[in-house]
Structure formats: structure tokens, C-alpha cells
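Open the model in your viewer and have the selection tool ready. The tour goes from one selection to the next.

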Amino acid sequence: MSFSMTGYGQSSRHYGGSKIVFEVKSVNHRYCEIVLRMPREWNGFEDTLRRTVQQYVRRGRVDVVINREHEENAGGSVLNRIAVKSYLAAAEALKKEFGVSGELGLADLLTLPGVMENGESALATLPENSDSFQELLVNGLEESVKSLVEMRAREGRFLAADIAERLSRLEELHGAMSAIAPAAVIEFRDKLRQRLEALQDGTLPFDEHKFGMEIAIFADRSNIDEELTRLRSHFEQCRILLDSGEPIGRKLDFLIQEMNRETNTIGSKCNHAGISSCVVEMKAELEKIREQAANME
């Protein structure tokens, strides 16, 4: 399956009276570049979030924006589990170190400062080593990235279909040049003979040997069998790439360069109107394929 490098994905999560919105968009880029923008207090999660994106995207510039929005209709307070754990740990330490007796009950815990907080402040003060909050961020980002990948896959299918159609046209032009090439030498021979005969005034004999050597030199100089063979090989490799699940953008760009090289060589070697016409059309199709390949992952 082929993938485009452009796409967009979005998701959201609710946490402690706030809504966390994940937006991911990607555009063309030579390498895989990930740009993360989120609240400063969450920077401790950056490496984990970056690795999450890299699991799904291998090429392109990916902009990830994570915003926190306060939900006005979110009612009540939320339990600060970090504070509760701290109070319970302190109670155990008092027992062991000072021999203090008694139990810290539910009613006592609820009256301690910081145990119950409003949603927004609980989220804002959540420590960076919170595994539960990290899992929430990773799951939310993963959902938006999957949506991005689905969009990239849909566009990639259209790009691959367009390239495959243009490859078919290139193969048609290749077949036309293969058919014309042998006739080019015969056409050159007949035209050269006509010109020489028109210039003869009877004073110089017609040298068939030299005439044959001239035809042989032209046939060798204008032979395009090797170029046609390499082009056929490049076409096959392009189709294999389009059917693979690997990133193909760079490989496809290289093959297009090679096909352009072979096409230019054919145009310079064979001085024939029919082949020249095929060369011009082939170069135009290759340029269109290059434009499409620039969007491929």
C-alpha cells in the first residue's frame, strides 16, 4: 500500500474537568520531522509522544498540537490521587518512626488540604511522572495519528493509481519506439541513397561498399536497444514499489531520474521524427509522475 505525505487527524480526551484536544497534520518533507506543541508542564512526555508518532509515520513533516480546554459545564471537584498517596505514606512513616498509633480514615482524608481539587487545577498540577496521565496522552495522540494515517492511505491510493496509469502510457510509448527503431535505419538508408543518386552527374562511380559502411555506422550510433531494455526494467520496478507497503517516495524519485536519463539518450541517439515525438510525450508523462511522487511517503 502506498501512502501520501499529506493528511490530518484529530481526537480528544476528557480529564478532570478539562478537554484535551489532539490535532495532527502532515505535509511533504524529505525526512521524518515531528514538531510538538503542547503546554509547558507536559514537556516530560515529549519523547514518549514523539515515539508514538514515529510508529505510524516514516516520512514527512508532522505537526502535533495538544491543547487543554476548560469545560465550563464540568461540575464538582476531582480526587487528587497523588496527594492521597502522599498522606498515606506520611502516616505510615509516623507509625514506624515515632510509634504513633491510630488509623487515617476516609473522613480524615477528605478534610486534608489538596485531596479534593477543581478539575482544571488538578490537571495543571499533575506531576510529569504520572503514568495514568501519560497513558491518556499517548492513547489520545495515537487515535489522531491513526486518523491521519487513514487519510494518507486514501490519498496514497489515488496517487498510486494515477502513477500506474501513466506507467501504462509510458509502456505504450516504449512499445511504439521499439517498433519504430528498426525502420529508422531502413528509412535513413533509403533517403541517403536518394540524395546520393540525385547528386550523381555520371562523373563519379557509386561506391556500394562505402555506402554500406555509412549505413552500418548510423545503425550502430542510433541503436537504442540497451536504453529500451533498461526502461522496461525501470517500469517493472516502479510497479513493484507501488504494490509494496514500504515508503517509496525516494526510490520512485530515483527511478524517475533514471528513466529521464534513458529517454534523453534515446532522443539524442535516434534522429527519427516518430521516435522524437515519443520521447517528448514520454518526458511529459515522467514530469507528471515526478510531481505525484513528490507527495508519496
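Begin with Lys95, which is partly exposed because its relative accessibility is 26% (buried means under 20% relative accessible area, exposed over 50%, partly exposed in between, with a 1.4 Å probe and protein chains only). This is a predicted model in which local features need pLDDT of at least 70 and side-chain atom pairs count only at pLDDT 80 or more, while totals for chains, interfaces and linings use all residues. Residues are numbered from 1 along each chain as its sequence is written, and side-chain values use heavy atoms, with hydrogens and water left out.

Lys95 forms a salt bridge with Glu92, their closest N and O atoms being 3.9 Å apart (a side-chain nitrogen of Lys or Arg within 4 Å of a carboxyl oxygen of Asp or Glu). Both Lys95 and Glu92 lie in helix H2, residues 81-98, and are 3 residues apart, about one turn of the helix (helices, H or I, of at least four residues are DSSP runs, numbered from the N terminus). Glu92 is partly exposed at 41% relative accessibility.

Next, select Glu285 and Arg166, a salt bridge with its closest N and O atoms 3.1 Å apart. This pair links distant parts of the chain: Glu285 is in helix H9 (residues 273-293) and Arg166 in helix H5 (residues 131-199), 119 residues apart. Glu285 is buried, with a relative accessible area of 11%.

Then go to helix H7 (residues 225-243), where Arg230 and Glu227 are 3 residues apart. Their side chains meet in a salt bridge at 3.7 Å, N to O.

Finish with Glu33, Arg37, Arg61 and Asp63, which are linked in a network of salt bridges.

Methods
Helix = DSSP H or I, 4+ residues; strand = E, 2+ residues; numbered from the N terminus.
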